[in-house]
Amino acid sequence: MIKNISNLGDAAVYCDFGSEVNKTINSKVIKYFKTIKKNNIEGINNLTPSYNKLIISFDLNKTSFKQVKNYLENIDLEDSQKINSKKLEIPVCCDEKFSMDIKRLEEILKLTREKILEKFLNKEYFCYMTGFIAGMPFLGDLDENMRAQRLETPRVKVPKGSVALTEQFANIYTFESPGGWNILGNTPLDIFDSSKEDKPNLINPGDTVIFKEITLDQYKNYNEY
Amino acid sequence: MSINYLDIIRPGINTTFQDKGRDHLYHIGIPFSGAMDNRNYLIANKLVSNHLDSAVIEFAYQGPQIKYSGEKINFAITGDVIFSIKKKDTEIEGKCYESYQIENGDEINIISTNKSVYGYLALGGEFDLKFQWNSCSINTKASIGSNDGKKLDVGQRINLKKINSNKDIKKTNYINTKIENIRVIKGTNFDYFSEEGKKIFYEKEFTVSKLTDRMGMRLEGPKIDNIVNTNIKSEGLIKGVIQVPADGNPIIMLSDHGTIGGYPKIGVVASVDYDRLVQMSPGSKVKFKEINLSDAETLFKLYEMETQNLLSQI
């Protein structure tokens, strides 16, 4: 199922599952990820699943590219292994205070604010991967006519909780960070919580997410309940 | 109340606790972190009879000034560092790769690293620190690790949980070597670049820019021209990956890097050269030299053997 296995430097294996981005390919990536994680192979110290790639890092003192590649070629994938996925509702406030790039989106997409929100909200998104910054979920897919490129010059600081769009994906900035995505709103929810070591991420690969709009008042009061 | 502690009189520019780092967390977006220069980290611990994976204080450029209170304790500094030890009525210049004993009221003043970036201060004992995912390494970007994931600050007090009973004074004659070429293995998007761009990458000199920290090292120099696509579908990163964004200037991922990136990967720094790469300060010149996987593996094994040898002689 892996199209090509190559080395990424001397301490990682690069598994290529194809060039398209879709749930079928991503599910294969996640299946490998879960099996390898479960097998707990000596020397493998990190796994990064993404849309259509899986990167396996290892400790060069304990194993090597050759050994990990050999393991992958003979891996016993458990077919029954289901992705244990959740369905989550994420409150988002799209008040002008938060939707910093709404004007830009209106221009690029040639849609009104109302239309953009209508197309974005109350729709199911699939979590392909998490990362870049801790816990950031990459959610897809946005409708064809909702796809915009990144900002030409990324912001130095994107506020925590920002819900943003780029190409076919939406994401959530789990804490203040630099970033170049088009910001549409903000969620009061903590998407990443490092004090929960066993489950720091609210949203995990394979989960389904629906954005529900809240007002600015509801946003302000959100964490009081 | 701890009776042995440090007071931070001056924190320095980028002073953090680091240890071996944390693994198995890339998939949720958390990088390894840990001491940038692993060899110097290990030597520092060995010089004060610590477990090799103990937490140390890592500093960059200007280091901290620290006042110690408590029972006698050993400390050692590794790297290429200028520092002094202030005792009751004397101040002596300190030497790296030697342990010293200090007592109540003594101060360590780490003035700066010399033509390098990182230095390590190990104390013969155990700091009282919070661990997250089995590591106290501070990742300031994600606010993870000890000290609430923040750099050390002025006026802070750091307690020690214990002091080693072994107070032998140790030393080694290690000298940090500089390398002219950083060895790299071809990246997965090497063919995204023009023939001219590939030539530039391996033949021209780049300068380490000021925009360099624990997350990444930005280089400046001749532009590397992309002929396929300046973006790729976001995918995982590892430390040492050299990405080239649309502006043609390479960025090398370092220990606190973002775990996912969307720029083409032209190369990956061979593990053998990582410790020395991170010590290149802004303004340093870098040249890349291509090696193959099997040479990279052999060179790393030799480097590790050398590290083990150094440690066993202390």
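Is A:T112 buried or exposed? In this predicted model, A:T112 is exposed, because 11 other C-beta atoms lie within 10 Å of its own and a residue with 12 or fewer such neighbours counts as exposed.

## Position of A:T112

A:T112 is located in the loop that connects α3 (102-109) to α4 (113-120) of chain A. Its relation to A:C15 can be given in two ways: the two residues are 97 residues apart in sequence, and their C-alpha atoms are 41 Å apart in space.

## A hairpin in chain A

Chain A also contains a hairpin, formed by β3(A) and β4(A) with 3 residues between them. Strand β3 (residues 44-49) of chain A and strand β4 (residues 53-58) of chain A are paired in the antiparallel sense over 5 bridges. One of the residues involved is A:P49, whose bridge partner in β4(A) is A:L54.

In contrast to the exposed A:T112, strand β3(A) is mostly covered, with 6 of its 6 residues buried.

## Overall form of chain B

Chain B comprises 4 helices and 21 strands. Its radius of gyration is 20 Å, which agrees with the value near 20 Å that a compact globule of 314 residues would have. Along the principal axes, the C-alpha atoms of chain B fill a box of roughly 65 × 35 × 30 Å.

Of the 314 residues in chain B, 50% are buried. Among the contacts in chain B with a separation of 6 or more, 76% are between residues 24 or more positions apart.

## Domains of chain B

The domain assignment divides chain B into domain 1 (5-163) and domain 2 (181-312). Taken over C-alpha atoms, the centres of domain 1 of chain B and domain 2 of chain B are separated by 27 Å.

Contact between the two domains involves 20 residues of domain 1 of chain B and 16 residues of domain 2 of chain B. On the side of domain 1 of chain B that touches domain 2 of chain B, helix α1 (residues 38-47) of chain B gives the most, with 5 residues. By class, that side of domain 1 of chain B consists of 8 nonpolar, 7 polar and 5 charged residues.

## An open antiparallel sheet in chain B

Five strands of chain B form an open sheet in the order β2-β3-β10-β5-β8, with antiparallel pairing. Strands of a sheet pair through backbone hydrogen bonds, either parallel or antiparallel.

Helix α1(B), which also contributes to the contact between the domains, lies across β2, β3 (56-60), β5, β8 and β10 of chain B. Relative to β10(B), helix α1(B) runs at about 25 degrees.

## Strand β10 of chain B

Within the sheet order, β10(B) stands between β3(B) and β5(B). Strand β5 (residues 73-78) of chain B is joined to strand β10 (residues 118-123) of chain B by 4 bridges, and the two run antiparallel. β3(B) is likewise joined to β10(B) by 4 bridges, again in an antiparallel arrangement.

B:A122 in β10(B) stands opposite B:A76.

Why is β10(B) described as largely enclosed by the rest of the structure? The reason is that 6 of the 6 residues of β10(B) are buried. Both faces of the strand are covered: B:Y118, B:Y120 and B:A122 are buried on one side, and B:G119, B:L121 and B:L123 are buried on the other.

## Contact between chains A and B

The two chains meet through 30 residues of chain B and 39 residues of chain A. On the side of chain B that touches chain A, β16 (235-236) and α4 (293-312) of chain B each supply at least two residues. The largest share of that side, 5 residues, comes from α4(B). By class, the side of chain B that touches chain A has 14 nonpolar, 11 polar and 5 charged residues.

Note on methods: Residues numbered from 1 in each chain as written. Chains lettered and ligands numbered in written order. Predicted model: local features only at pLDDT ≥ 70, side-chain atom pairs only at ≥ 80, totals over all residues. Contact = placed C-beta atoms within 7 Å. Nonpolar A, V, L, I, M, F, W, Y, C, P; charged D, E, K, R; others polar. Domains from an automatic or database assignment. Rg over C-alpha atoms; globule rule 2.2 N^0.38 Å. Buried ≥ 20, exposed ≤ 12 C-beta atoms within 10 Å, placed from the backbone. Pairing = 2+ DSSP bridges. Axes fitted to C-alpha atoms, helices over the stretch in contact; angles between N-to-C directions.
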